[in-house]
Amino acid sequence: MNRIILFDGECNFCDSSVQFIIKRDPKGYFKFASLQSDIGQQLLKEHKVDADINSFVLVDDDSCYFRSSAALRVCRRLKAPWKIFSTLIIVPRPIRDYFYNIIANNRYKWFGKKDSCTLPPPEIRKRFLS
């Protein structure tokens, strides 16, 4: 099964992050769905996650990862030099998540918000679940 990244489809920063991952994941290891989509909500429910979660989420088979843990697990699968960031997983999670939460809590103020998800080009669209 491919790994599924759930992201805030209304967030400019989150959309840019998805585009960043796509460019550095040439093997198509990750699939994507917005947190607001039906499939995103279904996956959250299946994994017993609050539907209003304020986090980037990685669904990896039967496991679910949040915040910095999700981001660093994604880095592990990206092309070099981005893989190196996965070594930050050794930093205690409360410290990593402290910095993650600063960005997450200010993402709309700093980067803006959209009314809807960006429609990806056809060659990338197959990686998005709907």
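**Charges and core**

Tutor: Happy to! Let's begin with K27, which sits in the loop between α1 (12-23) and β2 (30-34). Keep in mind that this is a predicted model.

Student: Is K27 buried or exposed?

Tutor: K27 counts as exposed, because its relative accessibility is 81%, and the cut-off for exposed is over 50%.

Student: And which residues form the positive surface patch?

Tutor: The patch is made up of K27, R76, R77 and K83.

Student: OK, switching to salt bridges. How many are found in the whole structure?

Tutor: The search turns up 7 salt bridges. One of them joins the side chains of R3 and D60, at 2.6 Å from N to O. R3 is in strand β1 and D60 in strand β3 (residues 57-60), so to speak of sequence, this pair links distant parts of the chain, 57 residues apart.

Student: What other salt bridge does R3 make?

Tutor: R3 also meets D61, with 3.6 Å from N to O. Here the link runs from strand β1 to the loop between β3 and β4 (63-66), with R3 and D61 58 residues apart.

Student: How accessible are R3 and D61?

Tutor: R3 counts as buried because its relative accessibility is 16%. D61, at 34%, counts as partly exposed. D60 is buried, as R3 is.

Student: Where does R127 find its salt-bridge partner?

Tutor: R127 pairs with D25, and their closest N and O atoms are 2.4 Å apart.

Student: Last topic, the largest nonpolar core. Which of its residues touch the most other members?

Tutor: The core has 19 residues, and those touching the most other members are I5, I21, F30, F32, F56, V74 and F128. The elements that give two or more residues are β1 (3-7), α1, β2, α3 (67-75) and α4 (93-111).

Student: Which element gives the most?

Tutor: That's α1, which gives 4 residues to this core.

How values were computed
Residues are numbered from 1 along each chain as its sequence is written. This is a predicted model: local features need pLDDT of at least 70, side-chain atom pairs count only at pLDDT 80 or more; totals for chains, interfaces and linings use all residues. Side-chain values use heavy atoms; hydrogens and water are left out. Patches are made of residues with over 30% relative accessible area and no salt bridge: like charges are joined within 9 Å, nonpolar side chains (Val, Leu, Ile, Met, Phe, Trp, Tyr) within 5 Å. Accessible areas come from the Shrake-Rupley method with a 1.4 Å probe; for residues, only the protein chains shown count as cover. A salt bridge is a side-chain nitrogen of Lys or Arg within 4 Å of a carboxyl oxygen of Asp or Glu. Lys and Arg count as positive and Asp and Glu as negative; His and the chain ends are not counted. The place of a charge is taken as NZ of Lys, CZ of Arg, CG of Asp or CD of Glu. Buried means under 20% relative accessible area, exposed over 50%, partly exposed in between (1.4 Å probe, protein chains only). A nonpolar core is a set of buried Ala, Val, Leu, Ile, Met, Phe, Trp, Tyr and Cys residues joined through side-chain atoms within 4.5 Å.
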